[in-house]
Every structure is written in C-alpha cells, then in structure tokens.
Amino acid sequence: EESNISVFVRCRSRNEREIKENSGVVVSTLGHMGKDVILKTGNLSCGKTKTYTFDRVFGFESDQETIFDSVASNFLDEVLDGYNCTVFAYGQTGTGKTYTMSGDIQIPPKNDSIKLSENAGIIPRTLVKLFKILKKFPEHIVKVSFIELYNEELKDLLLSEYSSERRVKIYDDPSKKSIIVQGMEEIFIKNAVEGLKLLSEGSYKRQVAATHCNDLSSRSHTVFTITVMIKQDNDNSKDTNFNLDGANEYYKVGKLNLVDLAGSENINRSGAENKRAREAGINNQSLLTLGRVINALVDNLSHIPYRESKLTRLLQDSLGGQTKTCIIATISPAKVSLEETLSTLEYANRAKNIKNKPQINQSVSKKLLIKEYIQEIGKLRDELSATRLKNGIYLSADSYKEITEESESRKIMIDDQKLRINYLESNIKKIKEKNEELAVELEKKTLQLEALKENFRNLQQNFDEIEKNLKISIKKFLLESKVKMNHQNNEKQLEDISLNLINTLNQILLQKSKMHNLIISKNMLLKKNSVIVQNLKKKTIKLKPELEKYMKNHFTNINSLSSNIEEFIQVKNSDLAELADELNKISEKVKNNIITMTNKTATNTESMIKNVTEIQNIKKDIKEKIISRLNEILSNFKTFEENLTENLLSINQDLNDNFAKIKTEINSTFNYISDRLVEQEQQIQDLKGKLITSRTSYSNLLKNTTKQIIDFIANEDQISKDSNDVLLKEITKLIENHKTKNNERIQNNLNKISNKLGDISNGF
C-alpha cells in the first residue's frame, strides 16, 4: 500500500552571529503542536507572507525529546515489525541537522542505568529505546554500520585507524530493486552503550571544519544504520529434535537508516576557500541531484536520476522505494538566511508528495545466518593465512593507492584539527577574560542581591496587606457566586415544578375532552335507540295486516276444505245410492230369473243348466263390479284422507313457523333494547367514577405541589446557611495554604540564588 513521505520542519532560534548582525526574524510557527510555517518574504513590517503546511512544525521551544517522540519513536515499532525505515535531516549549514540527529553523545559508565543528556539527538535516543524494547524478546540480533560520503567517496567510519582500509562500493541488487554496499563493516552490539561508543568514535572521524556560518560544519553526508533481527514465534520450535539444525527457526529483519546530510552552503556567506569551497561545491551538487530526484518522483517521470550521485543511490530505496521514510527539514529564522530558508521549505513541500510502497522484509532462517557467518570466518582465515605466508603485509596497487589517498586525507584532517585547537585556545582565553569580568560583576550582583532582599521584605509586607484585601474580596466574590448559583438552581427547580403543573393541567384537559366525547357518544346511542324503537313500531304495524291476511287465508282454506269434504261425502253417498239401486235391480232381476228358471225346469233340463250357468256368470260379473266399485271407493277415500292429512300438517307447520318467527323477532328486539340500556347505564356509572377520580387527583396534585414548593423554599434556606458556613471555612483554609506555599516558594528561590552565588564564588 502506497504512503506519502512524512515531512517535519524544525526551526531553531537565532544564533550569536545572527543576533550580532541584528538580523530580523522572518519565520513564525504556531506553537509546539502546529503544522504551519509562516514565512515573511518582503519587508518585515508590511511584507507579504507565505504559508507552508507539513505533518508537524517544531519551533525553537521544542526540545530533543519532543522531536524524538514525535518523529523517530514510532519508526522503532515499524522496524520491529520487519520494515525498512529512514529518517534524514536536510537544510542549510548551521541550522541544526547534526544536533537533531546526533546531539550530545554521552557514554554512561554502566549499562544498567543509561541516562542521556537532554541535548542527546535522535540516534542516541533510538539506541536506548531499542534495547529497552528488546528486553521483551530473549532471542535477538542487533548490528550497526556507519558510513560517510565525502567528496563522492564512501568511507567506513567504524574501521580502526590502524587497520587496512577497505574500499566501500555500491552495487545494484536487481533481485530486490535496491542497492548493496560492499566492504562496509557491520558490528554486532549487545547493548545501547556499545552502540553509543561506536557512534561517538565514528562521529569523531567525520569530516568537519569551521566556516562563517558554523564553527563545526559537517563537510560530508553520513548514514548510521541499525539492523534488528528478532526470532519469530513458531509452534514447531517446541520440538527440540526438529530444531537441531535451526532449519525451522526464522528471524524478522528490519533496518533503520539515520541519515545526516551535509548542509547546503552559500560560499560567499560561509567564506569557504580552496579545499572547503571544493567540498561545498560537491555537497551542493549532490543535494541538487537529490532535488532533481524528488522533482522527478513527484512529477511521475519515467527516468529517475538516481545514478547521478552516490547520495541519491544510497537513498534510492528511501525515495520512491519500499522503505518508510520521513524528512526533517531544519531552517533558520533569521532574515539573512531568507533565501536558503525559502529553498529548504520549497524542497520539503515538494518532498511530501513522494509516495513509497513499504513492504515487510522476507524472514531469514537461522541456518542461512549461520552459513553466512561460517563463510565470512573462512574468508578472514584465508586472508590471515595469505598475509602470514608473505611474511608481512601485502598490498595491491589499489590498496596502496587507497592508503596514499587516505594518508593525504589524514594530513588534511590534522591541519583541520590544528586549526580547531587554535580556535579552542583562543576561546579559552576569551572565557578566562569573561570569568574575570564575571568576578567583578559578581560583587556588584551581591550588593544588588542585598538590596533586592530589602526590597523583598518591603514587598512581603505589601503582599501581606494585599493578601488580606484579597481574602476579603475572594470571600465576597465566592459568597456572591454561591448565592447566584443557588438562585439559578432555585429558578431551575421552580421551572421544573411549573412544567410538571402544566403537564398535569394538560392531562386534566385531556380527561375532560374524553368525558365530553363520552357524553357525545351517549347522546348518539340515545338517538340510535329511538331510531330502533321507531323501526320496531313500523315493523309491528307492517306485521299486523300480514297476520290478518294470513288468518283470513287460513279460515278461507279451512272453509274450502270443509266444503270439499261435504261435497266428497255427498258424491260418495250418491254413488252408494246408485250402487244400492243397481244392486236392488240386479237382485230383482235375479229373483225374476229364478222364478223363470223354476217355471221352465220341468220342460227343459238342459236349458236350466244353461240358465244356471248364465246366472252364475251374471252373479260373478255383479260380484266383480261390486268389488271393483268398492275398491275404487276405498282408493279414493284413502287418497282424500292422505291429501287432507297433508294439508292439515302443512297448515299446522306454517302456523308454527310464522308464530316462531314472530316470537324470535320480538324477543331479539327486546333483548337488544335491554342490552343497550344496561350498557349505557354502565357507561354512565363509569363516567361518573372517572369524573370523581379526576377531581380528587387534581385536588391532591395541587396540595402536593404547594407542599413541595413550601418544603423546597425551607430546604433551600437551610442549605444556603450551611453552604455559607462551609465556604467561609474553605476560603480561610485556601488563603492560609496559599500564603504558606508563597512563603515556601520565595524562600526556596532565595536559597537557590544564594547557592548559585556561592558556587560562582567557589569557582573563582
């Protein structure tokens, strides 16, 4: 994931040279937590201003610890997580880059209690904090390297002066898209003290010189690298047989590059000549190349000119690479440095747009580390054996040339150190003269101190009087504040009570509205009941003619049935009479035939037999006719009986159904009316109960509210009295404590002044 480079700005206060030149201040910051730098580019009184915004801006009030905690401290956690990180300082010469990065390097006598100077820079504080954190990791490896880039030549500052010099070279690593520094010494350290010693020794070997801008101007770029390897936790590491060769043990690797760049330098202002001018020119050229690289990265150009300078090759991975990077731009607030300050801020403003792609380093196995160490030991043994066999020290042409150049460099360094010693001796003479002047001034200050003590006594008396008046004023003020606060509380409570009363009245109005709605509903029910009664009357009136019509039809049907029965009986009687007559006729005929047959018996027997047969046939026919006629009469009578029974049952069923229907309608109507009357009576009773309850609750609420107000007023009176007494006691106690603390503070200050005067006297 891409991330922008963090850019911080540090502005120092004016130095002695700038104060002597009466140079005005053109830079202003917004305090220790500000993020803006305001630069005056014209006349100081009414000139134009230009504002730059960065991740954070540190003014002259910020100390070394604040810089470390805000800039470099968080990078330690990133390094322990396996990232490569870079912090480098950039700015004009004499603006505090080396002070910010290294500062005061004090080596403590013991490893247990390391107490750094308040002027210690980022590198010493990083070493101390790193080993405090590493106490949590029992298995870890820390190694450091310290190289210098002077006049475009790399030098290892950790090599001893009497050892054969190595040629330090830079190679590209195509597999990792980064660079490899060959011939650089990496020394393993076990604690912060060892690291501080190496830092101190390397800093002493660094190229420095005096210029008009800085007495100890750095003439080279340096890179102090801390490599940390921490053993990773692995579940399989518990199996000792599995881990005998270290094949399953891995170490997280992180690097922290702490870069102190040489300052950009105006040769006309710094007064550099000859060799110093050549150094300044080379340094400025490398910084210009660095600026071009930054511009190319910001503009996303296809070609980045890393290879035009060894400085940009060293910083290749830190600018647009896989490293987490931050820049500390140091500036001067003086007007004489306006041009350099403007250039530095523009450079820093462009640099904050660079994007890096930080990546966690690949873990290294313990087996691979051991193999590398074995190869290094074998190489050293071969070199030692070759040296012994040649009975002396063998030097190649390149090594001899390098030693010759180093010898020349050392001669130059010795000349510089002589100049530095002369400069320090002149400073010592000046300090002695100042000490003599201070001794004379000390006597004057002693007399002034006595006068000040007398004035202090007078001021103490005045202070006592003022303190008394202040006690009275504070007492009055606190009482007024307490009373005012009590009034405010009372008003708030009264407001709450009034709100409760308003809510209660709203509830009563709501109940009243509900009762009104119930009365309206009652009236509506009465209207509905009257409508129902009217409808019942109408239905009854409509039912009466229908009943009369039904009764009339019923009587008509009965009369018709009676007449039909009489007609049927008459018809059947006539039929029976005709049958009787016919039977009489037949019987008469039979008698006559018998007589005739009797008379004819004597004459003709055959005819008699024939007549008997005829008579029997006639008798048979008559019998059949009679039976048939009787059956027909019986069938008709049964049919008539069935029809009559069916009609009577139908009439009876209709009567029952009509009477049941009428009874049901009448019962349902009266039941509905009765239920509605009972329900309305119950609603009326409920309304009466609710009305009585509302009146009672309203009356009780008014009584309780009145009682609460009376109790509240009485309680507030008592609280006010008690609080006044407590306040008086507390005010008296506070004034006594304040007086005691003031006396102690004044006495301590007098003791400190006396001790300082005594120390100065003892020094002289």
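How many helices and strands does the secondary structure of the chain contain? In this predicted model, in which local features need pLDDT of at least 70, side-chain atom pairs count only at pLDDT 80 or more, and totals for chains, interfaces and linings use all residues, the chain comprises twelve helices and 19 strands, where helices (H or I, at least four residues) and strands (E, at least two) are DSSP runs numbered from the N terminus. Residues are numbered from 1 along each chain as its sequence is written, and side-chain values rest on heavy atoms, with hydrogens and water left out.

Of the 764 residues in the chain, 31% are buried, buried being under 20% relative accessible area, exposed over 50% and partly exposed in between (1.4 Å probe, protein chains only). The accessible surface of the chain, computed by the Shrake-Rupley method with a 1.4 Å probe, amounts to about 49600 Å², with 54% belonging to carbon and sulfur atoms. Among contacts (heavy atoms within 4.5 Å) between residues at least 6 apart in sequence, 73% join residues at least 24 apart.

An unreviewed UniProt entry lists G91, Q92, T93, G94, T95, G96, K97 and T98 under "binding site"; UniProt positions are given in the numbering used here, feature names are shortened, and annotations may be inferred rather than shown by experiment. Of these listed residues, G94 is located in the loop between strand 7 (84–91) and helix 3 (97–101) and is buried, with a relative accessible area of 18%. T98, by contrast, lies in helix 3 and is partly exposed, its relative accessible area being 31%. When neighbours within four places in sequence are left aside, T98 is in contact with G103, R206, S218 and D260.
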